[in-house]
Amino acid sequence: MRKTMNIQFDSYDMVERFSRDVAGMPGEFDLASGRRSVDAKSFLGIFSLDLSRPVILTAVTDDVAAIEKLRAYQL
């Protein structure tokens, strides 16, 4: 299943929590800001994006629980 959602990070702690959550999930997760895209499981990759505005998360996973957990970060 492929799911796309907008995410806004409000703090460093939120990025850290997101990174920990995604690292333990099965599937492929990418974050995009403008024309730049990074692996959402890469903590440093996330910080290479412009986090002052919403980023787009693309999740490819069959784990319904993972999608539900990611909804907590959705705008």
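Guide: Start with pairing. Two strands pair if DSSP finds at least two bridges between them. Keep in mind that this is a predicted model.

Visitor: What makes β2 and β3 a pair?

Guide: 4 bridges join strand β2 (residues 28-33) to β3. The cut-off is at least two, so the label holds. The two strands run antiparallel. Asp30 stands opposite Asp39 in β3. In their hairpin, 2 residues lie between the strands, and Gly34 takes a positive phi near 65 degrees.

Visitor: How do you know that β1 and β4 pair?

Guide: Count the bridges again. β1 and β4 share 6, in the antiparallel sense. At least two are needed, so they pair. Met5 has Leu57 in β4 as its bridge partner.

Visitor: And what joins β2 to β4?

Guide: 5 bridges do, and these strands run antiparallel. Phe29 has Ala59 in β4 as its bridge partner.

Visitor: Why is the sheet called open, and which strands stand at the edges?

Guide: The order of the 4 strands is β1-β4-β2-β3, with antiparallel pairing. β1 (2-7) and β3 (36-39) each have a single partner strand, so one side of each has no neighbour in the sheet. On average, neighbouring strands are turned by 25 degrees against each other, direction ignored.

Visitor: What pattern does the protein follow along the sequence?

Guide: β-α-β-β-α-β-α. That comes with 3 helices and 4 strands.

Visitor: What makes the protein as compact as a globular protein of its length?

Guide: Compare two values. The radius of gyration is 11 Å, and the globule rule gives 11 Å for 75 residues. The C-alpha trace spans about 30 × 25 × 20 Å along its principal axes. Of the contacts with a separation of 6 or more, 64% link residues 24 or more positions apart. Buried residues make up 37% of the 75.

Visitor: Why is Thr61 called buried?

Guide: Its relative accessible area is 5%. Buried means under 20%, so Thr61 qualifies. Thr61 is found in the loop between β4 (55-60) and α3 (64-70).

Visitor: What does Thr61 touch?

Guide: Met1, Pro26, Gly27, Phe29 and Ile67, leaving aside residues up to four places away in sequence. Its side chain also has a polar atom 3.1 Å from the backbone nitrogen of Asp63. The limit for a polar contact is 3.5 Å, so this distance is within it.

Visitor: How many salt bridges does a search of the whole structure find?

Guide: It finds 4. Side chains of opposite charge can pair when their charged atoms come close. We can go through three of them.

Visitor: What makes Arg20 and Glu16 a salt bridge?

Guide: The N to O distance is 3.8 Å. The cut-off is 4 Å, so the pair counts. Arg20 and Glu16 are 4 residues apart in helix α1 (residues 12-23), which means about one helical turn separates them.

Visitor: What does the salt bridge of Asp21 and Lys69 tie together?

Guide: The side chains meet at 3.6 Å, N to O. Asp21 lies in helix α1 and Lys69 in helix α3, so the pair ties together parts that are 48 residues apart in sequence. Lys69 has a relative accessible area of 45%, which makes it partly exposed.

Visitor: How do you know that Asp50 and Arg53 meet in a salt bridge?

Guide: Their N to O distance is 3.1 Å. That is within 4 Å, so the label stands. Asp50 has a relative accessible area of 33% and is partly exposed. Arg53, at 43%, counts as partly exposed. Both values lie between the 20% and 50% limits, so neither residue is buried or exposed.

Terms used: Residues are numbered from 1 along each chain as its sequence is written. This is a predicted model: local features need pLDDT of at least 70, side-chain atom pairs count only at pLDDT 80 or more; totals for chains, interfaces and linings use all residues. Side-chain values use heavy atoms; hydrogens and water are left out. Buried means under 20% relative accessible area, exposed over 50%, partly exposed in between (1.4 Å probe, protein chains only). A polar contact is a pair of N or O atoms within 3.5 Å; within protein, one must be able to donate a hydrogen and the other to accept it, and residues adjacent in sequence count only if both atoms are side-chain atoms. Contact means heavy atoms within 4.5 Å. Axes are lines fitted to C-alpha atoms, for helices over the stretch in contact, and angles run from 0 to 180 degrees between N-to-C directions. The radius of gyration is taken over C-alpha atoms; the globule rule is 2.2 Å times the number of residues to the power 0.38.
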